[in-house]
Amino acid sequence: MLSLNFVSVLVILLKHASAEEYEYEHKIVGDIPVYIKPLQYKIELQVDQENDYYTGVTNVLIKITKPCVEIPIHYNGQTIAEVKLRRVRGPYFTGFKSQHQENVDISEVKEDGRLLRIIPTAVLTPKLYNLRVTFKQTLQTYPNYGLYKYTENRKRYGSVYHVAVTYFSPDRARKAYPCFDEPRLKARFRFVVKHRSWYTALSNTEVKSTKELGGGWTKSTFKKSHRMSTYLTIVAISNFSYIEDRTSRGVVTRVYDTADPEGYYGGDRYDILSYTTSLLDNLEEYFGIPYPYPKLYVMVAYEFIPHAMEQYGLITFQNSYGTSRVRAELYLPIILAHEVAHMWFGNMVSNEWWDSIHIKEGVVSWLCYGVGGQVAHNGINYTDELFISLELSYIMDTEFHDSTYQRPMLSPVKTDDTIVDFFDLTTYRKGASLSRMVNAVLGDKTYQIALRRFLRRHKRNGTATTMDLVEAYHAAGKQKRFNVREFIKRYLLQAHYPLVTVKMINGTHVNVTQELFVSRDTDPRDSPFNYTWHIPFTYVTDTHRNDKVEMLTQKENIVKLKHPSKWIKANNNFKMLYRNNYDMENWNHLKDQMLNDHFYFTAADRAHLISDMFALKTNGMIEESFVMEFMTYAVRETEVGPWLEIEKIARELEGQVKNDLVFTAFEMGVQGSRPNATFKDRLLGDINLPRPTSLIEELGKSTHNPLDENYFYLTPTPDERS
């Protein structure tokens with residue numbers, strides 16, 4: 001008979017083995033059969049912005065690889081005028097109007113508002129086919145999807161501009177023209193746009209030719225694109241002016257704008273152009289793969305549904321970010337870096353299905369801080385201090401409180417109706433935090449090698465899955481002493497995140513335990529790993545700093561310190577996706593260090609301590625009085641990252657913040673308004689703590705002009721959908 005202890009150990013081992021073997025099941029839940037493949041499109045549109053309608057023709061070359069009885073194609077809202085199907089004679093396609101094609105009789109075209117089902121009279125044999133759909137559509141008005149318009153009234157100049165622009169992500173190209181609207185179904189596109197002659201038309205590629213048609217109409221024909229997904233196509237029509245630059249390799253960059261040059265972004269169009277040009281150069285070097293088009297334009301769209309969108313060759317970009325001018329300047333390089341990085345991650349290699357959007361949004365939402373900070377040259381630490389507040393701390397707090405975001409980053413997308421739900425904080429901000437952690441664990445160079453290998457391996461097919469990216473990380477990190485794949489899977493495939501508690505055993509060893517960190521009223525869903533993680537452990541003590549990652553794979557671990565120490569602070573620069581707690585003796589040592597010499601810690605470590613303390617206080621694990629005593633150090637704080645965390649705490653504890661903290665922020669605001677103030681001075685001056693009425697009355701005659709009261713953390717990730 002087996003002993004009880006042996007049985008218990010056996011059960012633990014079996015659970016551990018089953019967790020190690022767990023694999024995510026990737027499924028494409030699409031409408032288009034795998035044997036129907038679009039190869040190229042010719043989209044013809046005639047857009048009448050003044051009368052709010054357009055007509056169009058979708059011509060699409062299809063390859064059918066097995067006998068079939070129908071061709072389904074997406075549409076949404078179009079009035080279908082005519083459908084024709086022609087079979088290509090011979091092995092080669094010589095053009096949509098070629099004579100080397102024969103008509104295919106159609107018995108029925110079924111319309112259900114979502115799919116056109118073209119049913120021929122006979123079975124379609126494996127061949128090339130030319131499908132032509134003629135349609136009419138109402139030009140939507142903002143806010144909407146598909147092809148919509150908005151109006152800009154320039155009262156100062158007596159001008160009214162009607163802007164028509166498309167927004168298709170994730171699956172709304174079908175609202176503008178019938179198409180095979182799934183990301184894996186990449187094809188080459190050519191747009192032919194007829195528009196009023198006083199307008200200019202833009203698309204993904206350069207204009208091949210323009211022709212005056214008479215009657216106030218012009219036809220703009222664009223060059224054929226590289227293969228891309230339908231959601232990355234774009235058409236824009238309006239009264240544009242532009243400024244131009246070139247990258248070191250000769251790629252033309254432009255900023256198109258309809259704005260009054262003295263308007264909100266009139267003075268910033270040169271910054272946008274400069275950033276875009278520099279970003280393209282930097283990212284080509286980083287990825288080791290040239291940007292594939294001869295041009296990259298940015299169009300400033302004043303009424304655009306997301307904040308920005310990464311269409312191949314033509315980025316669309318809102319003109320207002322943040323709650324103040326200085327914060328708009330702060331975000332600008334991040335936003336542009338996010339969209340330019342998409343030219344590789346998202347466009348060159350796209351997600352095969354919508355469950356794998358981490359390979360574009362999770363990666364670029366991290367990369368944009370590094371490359372954005374490189375071109376900003378404003379003295380702000382983007383990759384640590386700014387990232388911690390805008391992304392990592394934000395998503396940890398949000399997931400803790402809001403069940404909407406308590407899902408694994410890699411989750412099945414089961415229906416079309418739920419696709420847009422995955423463009424959320426979990427995908428963007430937690431995905432970015434995971435990417436930053438993987439970068440820290442692998443090291444900058446190894447992480448870059450992994451991304452380059454991933455792109456080179458998948459750019460020919462043009463699509464990949466999140467697990468393909470995990471395998472690229474794993475292969476690049478094969479020299480590590482731990483299993484990179486299993487480490488990443490536990491963060492991708494589980495909701496929430498761990499609380500890692502560190503306790504000093506003696507001066508040379510610490511006890512490190514992990515547990516699921518959730519609010520008391522949260523009922524966690526089942527987890528394939530029983531809510532255990534592999535913990536990448538780094539630390540700083542009163543005697544030394546250790547940035548070398550030690551991977552802790554057990555729920556309880558003993559870690560030997562390099563040198564005898566009195567106290568410890570784990571998770572250097574808050575690189576890792578977990579929170580930390582300590583015994584109160586250690587917390588008191590940390591408090592004393594902060595009060596005596598807070599510069600012993602990096603600004604990122606100081607922001608981390610503030611963020612963790614507040615999270616623990618919220619869950620009743622640390623006394624508020626201790627937090628407020630700890631925070632008295634802030635009268636000497638001069639860096640942005642910690643102040644952004646203080647701003648958050650102050651707003652949550654409104655009315656309980658000490659006046660000396662408020663006064664410090666007030667003084668920073670005065671400094672930020674001086675003519676010779678640095679960008680950091682101006683940003684610190686924008687930190688907005690709630691002020692007790694008595695203090696406002698006392699200082700109310702100051703010349704300081706308080707900035708708006710909107711909360712910094714409401715600023716969305718660049719193209720976060722809602």
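**Terms and their grounds**

Visitor: Why is S107 called partly exposed?
Guide: In this predicted model, S107 has a relative accessibility of 48%; since buried means under 20% and exposed over 50%, with partly exposed in between, the value places S107 in the intermediate class.

Visitor: Where does S107 lie, and with which residues is S107 in contact, leaving aside its neighbours within four places in sequence?
Guide: S107 belongs to strand 6, residues 106-111. With those neighbours set aside, its contacts are I119, P120 and T121, each having heavy atoms within 4.5 Å of S107, because that is what contact means here. For I119, which is 12 residues away along the chain, the C-alpha separation from S107 is 5.9 Å.

Visitor: In what order do the strands of the open sheet run, and what makes strand 5 and strand 14 its edge strands?
Guide: The open sheet is formed by eight strands in the order 5-4-8-2-1-12-15-14, with mixed pairing. Strand 5 (101-103) and strand 14 (207-214) are its edges, as each pairs on one side only, and from one strand to the next the twist averages 20°.

Visitor: What makes a set of residues a nonpolar core, and which residues have the most contacts inside the largest one?
Guide: The members must be buried residues of the nonpolar kinds listed for a core, joined through side-chain atoms within 4.5 Å. The largest such core has 212 residues, and W344 and Y473 have the most contacts inside it, while helix 3 (residues 325-341) gives the most to this core, with 10 residues. A second core of five residues, including L61, V88, F96 and L128, is counted as separate.

Visitor: How much space lies in the largest pocket, and which residues lie nearest its centre?
Guide: About 560 Å³ of space lies in the largest pocket, and of the 23 residues lining this pocket, W366, T383, N439, D444 and K575 lie nearest its centre. A lining residue has an atom within 4 Å of a pocket point, and helix 4 supplies the largest share of the lining, five residues.

Key
Residues are numbered from 1 along each chain as its sequence is written. This is a predicted model: local features need pLDDT of at least 70, side-chain atom pairs count only at pLDDT 80 or more; totals for chains, interfaces and linings use all residues. Side-chain values use heavy atoms; hydrogens and water are left out. Two strands pair if DSSP finds at least two bridges between them. Helices (H or I, at least four residues) and strands (E, at least two) are DSSP runs, numbered from the N terminus. Axes are lines fitted to C-alpha atoms, for helices over the stretch in contact, and angles run from 0 to 180 degrees between N-to-C directions. Buried means under 20% relative accessible area, exposed over 50%, partly exposed in between (1.4 Å probe, protein chains only). On a 1 Å grid over the protein atoms alone, a cavity is a set of points where a 1.4 Å probe fits but cannot get out, and a pocket is an open set with protein on both sides within 12 Å along at least five of seven lines; lining residues have an atom within 4 Å of a point. Grid points are joined across faces, edges and corners, and a volume is the space filled by probe spheres set on the points.
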